[in-house]
Amino acid sequence: MITKKNMIIPIFDYKLTVLIFDKWEELRGIIPDEEIDVEARAITISKHGASLVAVNAKCGGSIVHEAEHIKNNLWIHIGYNPQKDNDEVDAYLVAYIYNKIVDVYYKHLGSKGALARDTF
């Protein structure tokens, strides 16, 4: 089963699609064929001002990892160079993205009536 949500990250007008999946094979036809051959706990694919993130329901610990990739791709998209001596903007954005993915993650788990064991 896949739980999916499309959203826009405000201010930046950046599109984000979140997928929480139970089995890697469920992503066939959703992610590029060249990505489907190597199973992963999670994946982020970014292009044209948008990111798609897919996270295995058993690997919630991967969410913050993927949020970091999304943040970096959003910065590239808008042409922002993060400041080395002040990472507050980065931290707030990662927290925002993380929370948006977690909302979908818990919706997915709730729809199954059980909590998944988190593996790293």
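Author: In this predicted model, isoleucine 20 has its bridge partner in β4, namely valine 55. The two strands involved are β2, which covers residues 14–21, and β4, which covers residues 50–56; they run parallel and are joined by 7 bridges. Both belong to an open sheet of 4 strands, in which the order is β1-β2-β4-β3 and the pairing is mixed. Since β1 (2–9) and β3 (42–47) stand at the edges and each has a single partner strand, one side of each is left without a neighbour in the sheet. From one strand to the next, the twist averages 15°.

The sheet also has a helix across it: α2, made of residues 62–78, lies across β1, β2, β3 and β4, and runs at about 10° to β3.

Turning to the loops, the one between β1 and β2 holds isoleucine 11, a residue that has a positive phi of about 75° although it is not a glycine. With a relative accessible area of 83%, isoleucine 11 is exposed, because the cut-off for that word is over 50%. In the loop between β3 and β4 you will find histidine 48, which is likewise not a glycine and yet has a positive phi, here of about 50°. Histidine 48 has a relative accessibility of 77%, and so it too counts as exposed.

How values were computed. Residues are numbered from 1 along each chain as its sequence is written. This is a predicted model: local features need pLDDT of at least 70, side-chain atom pairs count only at pLDDT 80 or more; totals for chains, interfaces and linings use all residues. Side-chain values use heavy atoms; hydrogens and water are left out. Two strands pair if DSSP finds at least two bridges between them. Axes are lines fitted to C-alpha atoms, for helices over the stretch in contact, and angles run from 0 to 180 degrees between N-to-C directions. Contact means heavy atoms within 4.5 Å. Buried means under 20% relative accessible area, exposed over 50%, partly exposed in between (1.4 Å probe, protein chains only).
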